[in-house]
Amino acid sequence: MKKRMIALMAIIGLMALLSGCSEYNQPITPESTGFWNEYIVWPLSQLITMVADWFNGSYGLAIIIVTLIIRLAILPLMIKQTKNSKAMQALQPEMKKLREKYSSKDAQTQQKLQQETMALFQSHGVNPLAGCFPLIVQMPILIGFYHSIVRTREIAEHNFLWFDLGERDIILAVVAGITTFIQQKLMMAGTADQNPQMAMMLYIMPVMIVIFAINFPSALALYWVIGNIFMIVQTYFIKGPDIREVQAAKAKAGGSGGKKK
């Protein structure tokens, strides 16, 4: 668990580094220098502009299409991450037994617990850190796309549907929050009881997204909404059997409770 927390902190640190060192408030141009600008932000900005030109200058439609392209490109990583998460979830009962067996907090017992836990992972072919690697790979891409939207000034000069891409939009911000909640709910199906901390994020993350979306241009909220919808569809197909199993178990438990009454 400590190793996973360290890995998570490393990811957060990477996000902070990329966000803070990328000339966030400066427009992206061919003259922008630095690896981050030249090889990530500028190419993504050019891709958005090129797609917009294909659709009569519709930057809103370009953001939607490029978001889908990026999500499809990192889909194999997301599938790998989800499968590893499911494998870790399946081992939770056995890990709980090990924690109960080695409940003493002395160093020798805790070392034995770590050894038994690692042996359990190895016997089932599970790497507890494997779920973090896809995040490390995809974060620069997603953050780069985020920056390309903010720093491509042409985007702010256009509108899409009922909103201006360069202005805030409360309706779109709320939709971003709702889709975030649905996506989180599907991702956590069957794990809320095992991980109360993650269950808290189910409600914290949508609120944070709404707050961010209200304070940023609606182009970013559009990006979040489309990304969330893609993730909802993706998660449903990947975790569909698990979700239906959880729903069936709840229905059975409810039926049993009704009979007892």
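Reader: How many aromatic pairs does a search of the whole structure find?
Author: Keep in mind that this is a predicted model. Rings pair here if their centres lie within 6.5 Å. Searching the whole structure on that basis, the number of aromatic pairs comes out at two.

Reader: Is the pair of F160 and F163 stacked or edge-to-face?
Author: A pair of aromatic rings is described by the distance of the centres and the angle of the planes. For F160 and F163 the centres sit 6.1 Å apart and the planes meet at 75 degrees. Planes over 60 degrees apart count as edge-to-face. So the pair of F160 and F163 is edge-to-face.

Reader: What about W162 and F163, stacked or edge-to-face?
Author: Their ring centres are 5.0 Å apart, with the planes at 80 degrees. That makes the pair of W162 and F163 edge-to-face.

Reader: Which residues form one aromatic cluster?
Author: F163 pairs with F160, and F163 also pairs with W162. Put together, the one cluster is made of F160, W162 and F163.

Reader: Is F163 buried or exposed, and what is its relative accessible area?
Author: Buried means under 20% relative accessible area. F160 counts as buried at 14%. F163 is buried too, and its relative accessible area is 3%.

Reader: Zooming out, what share of the protein's residues is buried?
Author: The protein has 261 residues, and its elements include eleven helices and two strands. The share of residues that are buried is 39%.

Reader: And how much accessible surface does the protein have?
Author: Carbon and sulfur atoms account for 65% of that surface. The total comes to about 15,500 Å².

Conventions:
Residues are numbered from 1 along each chain as its sequence is written. This is a predicted model: local features need pLDDT of at least 70, side-chain atom pairs count only at pLDDT 80 or more; totals for chains, interfaces and linings use all residues. Side-chain values use heavy atoms; hydrogens and water are left out. Rings of Phe, Tyr and Trp (its six-membered ring) pair if their centres lie within 6.5 Å; planes under 30 degrees apart count as stacked, over 60 as edge-to-face and the rest as tilted. Buried means under 20% relative accessible area, exposed over 50%, partly exposed in between (1.4 Å probe, protein chains only). Helices (H or I, at least four residues) and strands (E, at least two) are DSSP runs, numbered from the N terminus. Accessible areas come from the Shrake-Rupley method with a 1.4 Å probe; for residues, only the protein chains shown count as cover.
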